[in-house]
Every structure is written in C-alpha cells, then in structure tokens.
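Here are a few notes to read alongside the model. Take them one at a time, with the structure open beside you.

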Amino acid sequence: MKRDLRGLHLLLVLLAATFAFGKFQGGFVPWFLFYVTLSLTLYAGAVALGALRNVDVTRELSSKRLTAGEDLRVMIRYRIRSHFPLSWLYFREESDVKHPGQGNLIFGLQKAGEVTYSIPRMPRGRHVFEGIRVTSGDLFGFVKKQMTAGGREEVLVYPRVRPIRLWLTTNDRNAGHSFFLNRISENVTSVVGVRDYVPGDRLNRIHWKATARGQGLKVKEFEHRTTNDFLFVLDRREWSYGDKRELFERAVSLIASLIAYAIDRRFSAGLVSCGKKHAVLPLGRSQDHMLRLFEHLATVEPDGKEPLSQTVLREAVYLPAGATLVIVTPLLDDPLVQAVIQLAYRKIKVELFWIADPEDRPKTDGRWLGTLASLGVQTTRITDDNFDEALRGGISDGIPTA
C-alpha cells in the first residue's frame, strides 16, 4: 500500500507554527488558527491511519470471451468494513485497453456500492486486467493512500466472423475423397435443416413449407456423405501490411469467417500461421477444433519474417491428398506467385484471397491474375468487409472469382 503523507507533514509544521504564534502573540485569532490547524491535523492523521484498512473490492466482467467489436461491461463492487472518518474512494482499472475505467468519486459515508462502466468495441486480442487501483484520502487533499485490488483477469476477443452464404469452390482433384458443391455427395433422404436460397440452387431443393411461412425462399440442407479439407495459410509478414493495420484485421476476419463456414458444413479446416512463432494447427471439423483455431487467430500479429512462398512450399508437402490450400495475403509478389504456379503444376488445388487496398496498392499486384486463372487457381479480391459479396462474384478484376 502506498502513502502520500506530505500534506500531513505540512500540517504538523503549520500546527507547530500556529502554536508558537498563539503563545507569542496571544488573543483570539492566533489561537483560532491553532485549533483549526489542530482539527485538520487530527482529521488527516485519522484518515492516514484508517483509510483502506478494511476495504473489499472485486471486479465482475460481463464475459471473458468476446468477438471483436462487441462491448465489455465491467462492474466494480466495493465494501467498506471500517469506520474511518469521512473520506473518498477513486477507482481506476489497470489494463492494456484504453477505456473510461475511472470510477466515480465515492465518499466514505457509503459503506457499499458498485461502479459500472463499458468498454465499447473491444479490439481483437488477449487483454489483461492487472488490477484495480483504489485511491483514498481526506476531503482537503492532504493525505492520499493507494492500494491494488481485484486480481488479474484475461479477456480473449476472437476475430469477427462475418456471414458467408455461399463459397463457390470445387476441387476436381479429390478423386472421390471430397467434393464441395455436394450435388453428388449429399444424402438426399436425410434433411438436416434449411437455409436461404442463393442463385444456382436447384428447384427440387426448395423447401416449400418453410418458404410458405413468408421468410423468403428456403432450400433444404442435406446430410453430407463426404467432406472437404481446407488448409488456410495466413500471411503474417510485416512488410506485407506496412502501416495498414486494417488490412491485417480484415485478413484475420476473413480466415475466421471461412473456417466457420467450412466447419459449419462439416468440412475440415486447418491453419498455418508463421510469425515470430511458427504454428501449424492440423485439420479438424469439430466445434472445439474451431475454437482452438479462433483462439490462435485472436492473438496473431503481423510480425513474421519468413517469406510466404517458403512457408507455402514447405507446408504443401504435408497437405493431405485432395485438400485445398487457401492463402490469404495482401501482397501478390513474384516469389509467392511462382510458388503457387509450382503447386498448380503438382496438381495441388490452391485458392488465393487477395486483401487488396485500392488506394495504396499498385495495380501491378494484379498482373498475375490471368496466369493464375489459366492454371485453375481461383483468386478472389477482397477490398472491404463484405466477404459474402466478394465470394459470390460481386467484386472482380476482370477475372471470374467463382
């Protein structure tokens, strides 16, 4: 516990001075000043001894798992179990998030209460609440005492998952192991649900009863007999993003959205993430596996040094037969494109998601699109957070994206 008693020391000096003045001068005014100073000194001394001696402070978080952009509500409860003289309490949350966590000024007459505040639009990441700094003192500011309470807690904020209704991707190199559009890989005798109609759905898939309820065209979702495997590769090179932090956040959000889309449809998803630490998360299709992928994506940063082309060629060696390699990058440089061309010649299915910045990125980034398309490498250009529109062909560079 920290104490600032400089004001009390000043009062003691003033008390001695006023006493000497009263003894020397005499009269009403000198002794009045002495007794006023004595009262202030006794009050400040009592606060210095009693403040924060028996104060319980706890923190309650609305959730320890959030999605980027959501608000976090924090409630600080306090209880004063001593009877020290009238004082005040001031709360400040110590964390790595900028927030209005300075509590209201609470006076000592209130023996219990709470302070509530919200942190709007929590950013992606692992955020640590180190403790609550509690400050108390007398009403005149002569004495201050400070303690830390509340304990250490962590809040993990997952990347934002944006809705994707349809991802038109096929892998004709599956050789029967998996096939995405599932025209031939669905058990048509087992309907597991309904979804919104999207262009390209056959009329015999329309669920007429659900459509008749007035919520728009609905189509049947059948049980899948086969699965598809996706290994996602996130570009974490520092120079790929420069000072464009929003591009990296968009790349992470896109991969999270694609993983959620795949696993929701019972496909397998894995992740390759090369930064300061090299991480390879194997293929899986369970909800627990998706949470493990999201936990990693919640904390990644653009801190990688290894060339993405080197990462792609190394991990492609371990790619299961029939799996699709999905690369998300803001920079289509020559080494990466040459690596993708090598994989295409080796009959490995590759998809590229180009996180393009229309303002700063040179148009020459797209000079390889025609070559890649001719080799069967599907390239989708992402310029904003409307992933669903881009995946359905709403954005293109003159090259079909689906």
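**Notes on the model**

1. Let's begin with the pockets. The largest pocket has a volume of about 320 Å³. Please keep in mind that this is a predicted model. The lining of this largest pocket is made of 16 residues, and those that lie nearest its centre are Ala68, Arg160, Arg162, Glu249 and Ser253.

2. Next come the cavities. Searching the whole structure for cavities of 30 Å³ or more turns up two. For the second largest cavity, the volume is about 40 Å³. Its lining consists of Leu234, Asp235, Arg236, Arg237, Cys274, Glu306, Leu308 and Thr311. Sorted by class, four of these lining residues are charged, three are nonpolar and one is polar.

3. Now find helix α5 (residues 245–264) and helix α6 (residues 287–299), whose axes come within 10 Å and cross at roughly 175 degrees. Angles over 145 degrees count as roughly antiparallel, and α5 and α6 are therefore roughly antiparallel to each other. On the α5 side, the contact is made by Val252, Ile255, Ala256, Ile259, Ala260, Ile263 and Asp264. On the α6 side, Gln287, His289, Met290, Leu293, Phe294 and Leu297 take part. The class count for this contact of α5 with α6 is ten nonpolar, two polar and one charged.

4. Finally, look at the aromatic rings. How many aromatic pairs does the structure hold? There are 17. One of them is formed by Phe19 and Phe34, with 5.5 Å from centre to centre and 55 degrees between the planes, and this pair is tilted. Phe19 belongs to helix α1 (residues 6–25) and Phe34 to helix α2 (residues 28–50). The two residues are 15 residues apart, and their pair links distant parts of the chain.

Notes:
Residues numbered from 1 in each chain as written. Predicted model: local features only at pLDDT ≥ 70, side-chain atom pairs only at ≥ 80, totals over all residues. Heavy atoms only, no water. 1 Å grid on protein atoms, 1.4 Å probe; cavity = no way out; pocket = protein on both sides within 12 Å on 5 of 7 lines; lining within 4 Å. Points joined across faces, edges and corners; volume = space filled by probe spheres on them. Axes fitted to C-alpha atoms, helices over the stretch in contact; angles between N-to-C directions. Helix = DSSP H or I, 4+ residues; strand = E, 2+ residues; numbered from the N terminus. Parallel < 35°, antiparallel > 145°, perpendicular 65-115°, else oblique. Contact = heavy atoms within 4.5 Å. Nonpolar A, V, L, I, M, F, W, Y, C, P; charged D, E, K, R; others polar. Phe/Tyr/Trp six-rings, centres within 6.5 Å; stacked < 30°, edge-to-face > 60°.
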